[in-house]
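Visitor: I would like a close look at a single part of this model, followed by whatever connects to the rest of the fold.

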Amino acid sequence: MSQGPRSGLAAVSSALLAMSRHLEVRDVLKTIVASARELLDAQYAALGVPDDHGGFAQFVVDGVSDEQWKAIGPLPRQHGILAAMLHEATPERLADVRKDPRFEGWPSAHPDMVDFLGLPIRDGDEVIGALFLANKNCPKPEGGCGFTEEDEELLSILAQHAAIALTNARLYERSRELTIAEERSRLAHELHDAVSQKLFSLRLTAQAAAALVDRDPSRAKGELHQVAVLAAEAADELRAAVVELRPAALDEDGLTATLRTQIQVLDRAHTARVTFAAHNFRALPAAQEEAMLRVAQEALHNALRHSGAAHVDVTLDRRGSGAVLRVTDDGSGFEPKAVRRAGRHLGLVSMRDRTNGVGGTLTVESAPGKGTTIQMEVPGG
């Protein structure tokens, strides 16, 4: 670098402080990229967070205008140099990225890049992103790279702290999601209590009206009027419950994305490994998606709280015009018939009711020491 050690250290310190000010993942990514580009005096910088499907869940650039970015088109896939950084977890410092045998070209609107420096961002053994820069603003040696070993070392320090900042931001977002889930659970209990009280009053008032109908018709008429009022209030409470308890994410993102997000949160929150996979799933009627989400949540709760499982796998597959949900754990298992005889349901009654309510079928396979599989199939629309 052209700067001396003291000014270089001050720049790194400023970059790290800027990262620590943000809690939102997107803001952290933007700060990392802008700091890296400024710190190493490069024309372009980018950071990609991979997804599980060969693409990127998030991709942030600095040095490219909004108009250029729109013209470039879809996000890149995990191939070429990016794939090497992500899958082999190796740094890449190239004099001319276009001459590397792994280079696979870029869209016509993409800016021309020559010298290149890229590093994986790692959280322990997991590669959680790739940070790279191009076109160092300096005189280039003949056939050489403008980025130096010192630049690579400095970017490595930044990448290590970027991993910490990115992990902390993810944990913050997931803890917020857990807080929202806990608040919904609390709200569910409150609404349940409110509706139960209304229905209890409704029953008592109806009984009073029945007792008075022969000897005091006038009072019985008043009690029946009160029955109508209570029934209307109970209906309002139930409508409120439907509105409040239908997850917003399900409306906005669909069942697959909602399940994936919630399972990622559970995987972080519990010692058990929780995984999710969806195959050829297509959207279902809202009531069926709601029921499948609730059954999945109940089955996951049982597996994570009661079974002692080390692994819990959730799959969502298309079947004809409908779908099949499976929640499988390797926990302690149980004898379904014995559970029913003992009056302990482990949420099975609720799961069966939800499944039956949307015309589906629920099967439970379990045995002591053999784990449990909950399967729900719905017909689709």
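Visitor: In which helix is Gln-288 found?

Guide: Gln-288 is found in helix H8; helices (H or I, at least four residues) and strands (E, at least two) are DSSP runs, numbered from the N terminus. This is a predicted model, in which local features need pLDDT of at least 70 and side-chain atom pairs pLDDT 80 or more, while totals for chains, interfaces and linings use all residues. Residues are numbered from 1 along each chain as its sequence is written, and side-chain values use heavy atoms, without hydrogens and water.

H8 covers residues 286-305, 20 residues in total, and spans 28 Å from first to last C-alpha, close to the expected 28 Å (1.5 Å times one less than the number of residues). The rest of the structure largely encloses H8, because 14 of its 20 residues are buried (under 20% relative accessible area; over 50% is exposed, in between partly exposed; 1.4 Å probe, protein chains only). Gln-288 itself is buried, at 7% relative accessibility. Leaving out residues up to four places away in sequence, Gln-288 touches Val-358, Val-378, Pro-379 and Gly-380 (heavy atoms within 4.5 Å).

Elsewhere, 5 strands make an open antiparallel sheet in the order E2-E1-E5-E4-E3 (strands pair if DSSP finds at least two bridges between them). E2 and E3 (92-94) are the edge strands, each with a single partner, so one side of each has no neighbour in the sheet. From one strand to the next the twist averages 10 degrees. E3 is joined to E4 by 3 bridges, and Glu-92 stands opposite Gly-118 in E4. Helix H2 (residues 25-39) lies across E1 (42-50), E2 and E5, at about 40 degrees to E2 (axes are fitted to C-alpha atoms, for helices over the stretch in contact; angles run from 0 to 180 degrees between N-to-C directions). Helix H4 (residues 80-87) lies across E1, E2, E3, E4 and E5, at about 140 degrees to E5.

The whole structure has 5 aromatic pairs (Phe, Tyr or Trp rings, Trp by its six-membered ring, with centres within 6.5 Å; planes under 30 degrees apart are stacked, over 60 edge-to-face, the rest tilted). Phe-59 and Phe-132 are tilted, since their centres lie 6.2 Å apart and their planes at 50 degrees. This pair links E2 (residues 56-62) and E5 (residues 126-136), 73 residues apart. Phe-59 is buried at 8%, and Phe-132 at 11%. Phe-116 and Phe-132 are stacked, with centres 5.7 Å apart and planes at 25 degrees. Phe-116 lies in E4 (residues 116-123), 16 residues from Phe-132, and is buried at 5%. Together with Phe-56 and Trp-69, Phe-59, Phe-116 and Phe-132 form one aromatic cluster.
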